[in-house]
Amino acid sequence: MSQPSETPSSTGTATPASDVPNPNSKSAAKKEAKRLEKEAKLAAKVAKVAATTPAGEKKAKAEKEKKEEEAPFVNNTPKGQKKDLSEPMASGYNPIAVESAWYDWWLAEGFFKPALGPDGLPKPEGLFVIPAPPPNVTGSLHIGHALTTAIQDALIRWNRMLGKTVLFSPGFDHAGISTQSVVEKRLYKSSGKTRHDLGREKFIDTVMDWKNDYQERITNQLYRLGGSYDWSRAAFTMSPQLSKAVIENFCRLHEDGILYRANRLVNWCVQLNTTLSNLEVDQKQLTGRTLLNVPGYDAKEKFEFGVITSFAYPIEGSDEKLIVATTRPETMLGDTAIAVHPNDPRYTHLHGKFAVHPFVNRRIPIVTDDIAVDMEFGTGAVKITPAHDPNDYEVGMRHKLEFINILNDNGTFNANAGERFKGMKRFHARVAVVQALKDAGLYVETKDNAMQIPICSKSGDVIEPVLKPQWWVNCKPLAEEAIKRTRAGELIITPKQSEADWYRWLENIQDWCISRQLWWGHRCPAYFVRIEGKEQDSSDGAYWVVGRNLEEATERAHKLAGGAKFTLEQDEDVLDTWFSSGLWPFSIMGWPDKTLDYERFYPASILETGWDILFFWVARMVMLGIRLTGKMPFQEVLCHAMIRDAHGRKMSKSLGNVIDPLDVIQGLSLEKLHEKLYEGNLDEKEITKAKAGQKKDFPKGIPQCGTDALRFALCAYSGGGRDINLEILRVEGYRKFCNKIFNATKFAMLKLDQTFTPEPSSAPTGNESLVEKWILHKLNVATEEINRQLTDRNFMAATNAAYNFWLYELCDVYIEAMKPMTEPSASATTRVSAQQTLYTCLDNGLRLLHPFMPFVTEELWQRLPRRANDSTPSIMLAKFPVQEKEFIFEDAVQQFDLVFNAIRTSRSLAASYNLQSDIQTFIHVQTDSEAALFKSQIPTMITLTKGCKSVEVVKDVSTIPPGCGSIVLTATVGVHVLVRGLIDLDVEIAKCDKKLDLAKLNLSKIQKIESQADYEDTVPANVRLLNEEKRKTLEVEVSTLELSKGMFAQLK
């Protein structure tokens, strides 16, 4: 919605001094004296009133006015009861008052539950199910969650109103890494303790308290956002039922050979002390030498990245040295080979030889490898650290090299790094290793090197590749099946850009590490079988069993031990959050049990989410859904955009631009926004930065907008792009739209007096006037457009259609045009027809808006009378409008559009001459049918032209009085507004000359085209017809302009 703006002059220059009135002229002096006299009289009057009003009374009056203005709304409706609307409508729109009580009533009445047919099955109209993406219990919802709710609930309410069985199933995600991290930070900040001080059981209880607190907060936010979720089905990923599904998933994949244990390289986050999947690692691009802070180090310390360091390895039994290069010099402490290309003649003599490690007692073999080595790159020799580099890992596997881990979990170096570096933090070791190389005379050089460094998306720490025995999922066969079924049309992904990303990622998928070194989450249902008297390696998957319970695991262990004594040790690790979230569409329906919900509501209809988690979550749901249930878990995936701030920046707490949707709904002062920053884990420096950001973006705080305006705005932003730059002023603009709807309905209700009863049907009676047929047709067009755009998932276009109908057609035209039709002087037939049309438009118009604006539409719809035999209790259960053949009035629309075009032209002419009252309009027509049309619409034209005194329809142009401004509408219709005595004649003649020149030029072009010899034979008939219409219009325009110019000349 565009905001009003000041329009500069077309030339962009200042007003010439000659146009400024001379303050020294007699007339100016006289005007100034009158002005001063008037101001003096006003000041005396104010002083007199002030003198006769006691000071105490003035103060009391001011306080009373202030109190009345600021009195907050109090909801007196008992919880769960229907709001009492017997009182007259409020003087103005108050979103807090309008939105109160309805949600509790909807809940109490059970309107959010799926309505089944008499047979207990989904209704014949269809089934529509959305498994709501479960928000993380890490913290409160932000504006991105509000976008998700707005889009999904719009689809849910629309489909419910279409008569379908609808289920919107809510829930919450435990969010392992994120929630444990935030609770650990809060614990340390508040008490100075770590989770290890509490112990596993007590820490989990602490996290559960956090979860309960934030689940309640999130639930309240979703209530306020109006999401029509079936709360009786609210799920939590760590509930007993969903935990049962996770265990079944783990065991079944292991039994099928898809899930396995292996000692492989993982992405290790030192800061969080856990493994991460590839999707949880961001790649930071560096163009060259860059100094960076690293979490866990002093804030003043910065370390060098974006460089490549060359150094030499001494060759055993020789003075020769072999130069290698690395971007991570510290990893040389874990080197176990140097690779050269087998065809590189420079190093043929070194094949099978050894280099000597300068800092640890280790011989380093020189191996040949044509995969890892490019002879043309660098020196053609590559250092190999199999335990700390993905590429080197592959080399190590091919050549059966030693895998030496030099890193402790806390980021310090272990004994394998040698006594000199043991205990050093990894980036301190980087500096120390380079210095040691220099001291040993082995350092060669350091150069800038464009590169990427892996960063933990959760903590910002630099990721370390580390060897860990973990549980892995072989994703290749799962991805192949997902690709096959998607290509077969079982899954639709929109927008198309996301579909392309989908295939690209699945085709290049890697195995998924699902182990996490956390306490909060689903503990792996895997047990190491420690057999008495046998030497075993816990990293070897051969000695592990899995079980749905301890009994099953014990039974399997007995078979593995072969009669020997054993003990079972459950894996301390928990599972990746996405391993449980990937089951969401079917685990919430009762899987692995065959429940009624599973039979009725799985698969889901659509999965709506952000494109940024298409792979994190959606792909895993599809892969696991197909594998475990044999079905695609949903028929459609809709990816919405990412919300950024008004400047296009990503939402970040440290920037102060993260927005709580409740703050937009209720409004919040800048001071209160500042206070909320202290509720999180930001340090003082970050809080200061965030405050500055808030002050810049919200100098007056966030205005109160209400839920309906927020939801409508978020849907209006959703047109298929990948980013949304959210402006709160635009949301506030839609609050004004809500106000317009409220006031328009309030005014319309006055027109539907006590005697009014709506007809049993909305079908036209045959008594409709031209403007009634026009508005019914426009209602039909908006109805068809909104249904079509919602089907196409284009929420921007759908909201735009609803907005345009209400604002520009219903409010600006019909409600104004019907005023004379409901006056006492109008006939009963005219009045009743106008009322019935108004009722149909209000009833249907509110229902069209309801999916986007649930509260204000319910409030206003409940005030409307009902048609006979209509006992629908709530607008959310009313039928959504669909296109009606009876509302198609093509001819009437064409006629009224011509009339309304004349009205707009008249307004424009009046405005250009600064006419605000006593406007006299003349409509020049050339046919009897046009004369009859315009004469019948004179009352409408006067009503819709503010300040209009009269409208006269003439066929004889000579009867139009001299001194009119004129515009040609068509070849047979012109609009003239009397401006005599109000204009500069010379200026108007000059305008006429300018317009005449342009009209004659365009006319000559058309005439030239039409005069071509082969015109009739080579130009299509439709183009010739269009050209003929243009020529006739231009001929009339030339004639009219010449007439106007002549009239202005006669007036001089």
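The model is predicted: local features need pLDDT of at least 70 and side-chain atom pairs count only at pLDDT 80 or more, whereas totals for chains, interfaces and linings use all residues. Residues are numbered from 1 along each chain as its sequence is written, and side-chain values use heavy atoms, with hydrogens and water left out. Helices (H or I, at least four residues) and strands (E, at least two) are DSSP runs, numbered from the N terminus.

**Helix pairs**

The table gives two packed helix pairs. Axes are lines fitted to C-alpha atoms, for helices over the stretch in contact, and angles run from 0 to 180 degrees between N-to-C directions.

| Helix pair | Angle | Axis separation |
|---|---|---|
| α24 (residues 770-791) and α26 (residues 828-849) | about 15° | 10 Å |
| α12 (residues 476-487) and α18 (residues 614-629) | about 95° | 9 Å |

Angles under 35 degrees count as roughly parallel, over 145 as roughly antiparallel, 65 to 115 as roughly perpendicular and the rest as oblique. Helices α24 and α26 are therefore roughly parallel to each other. Their crossing is left-handed, a term used if the near helix is turned anticlockwise from the far one by less than a right angle. Contact means heavy atoms within 4.5 Å. Among the residues that make this contact are I775, L776 and L779 of α24 and A834, T837 and C841 of α26. By class, the contact of α24 with α26 has 7 nonpolar, 6 polar and 1 charged residues. Here Ala, Val, Leu, Ile, Met, Phe, Trp, Tyr, Cys and Pro count as nonpolar, Asp, Glu, Lys and Arg as charged, and the others, Gly among them, as polar.

In the second pair, the angle makes α12 roughly perpendicular to α18. L478, A479, E481, A482 and R485 in α12 meet V622, M623, I626 and R627 in α18. This contact comprises 6 nonpolar, no polar and 3 charged residues.

**Two open sheets**

Strands of a sheet pair through backbone hydrogen bonds, either parallel or antiparallel. Two strands are taken to pair if DSSP finds at least two bridges between them.

Strands β32 and β33 (residues 973-978) pair in the antiparallel sense over 5 bridges, and V975 in β33 is the bridge partner of I967.

Another open sheet has 3 strands in the order β23-β22-β24, with antiparallel pairing. Strands β23 (544-546) and β24 (566-570) stand at the edges with a single partner strand each, so one side of each is left without a neighbour in the sheet. Strand β22 (residues 526-531) is joined to β23 by 3 bridges.

**A salt bridge**

A search of the whole structure finds 57 salt bridges, each defined as a side-chain nitrogen of Lys or Arg within 4 Å of a carboxyl oxygen of Asp or Glu. One of them joins the side chains of R264 and D511 (3.5 Å, N to O). R264 lies in strand β5 (residues 259-269) and D511 in the loop between α13 (496-507) and β20 (512-513), so the pair ties together parts that are 247 residues apart in sequence.
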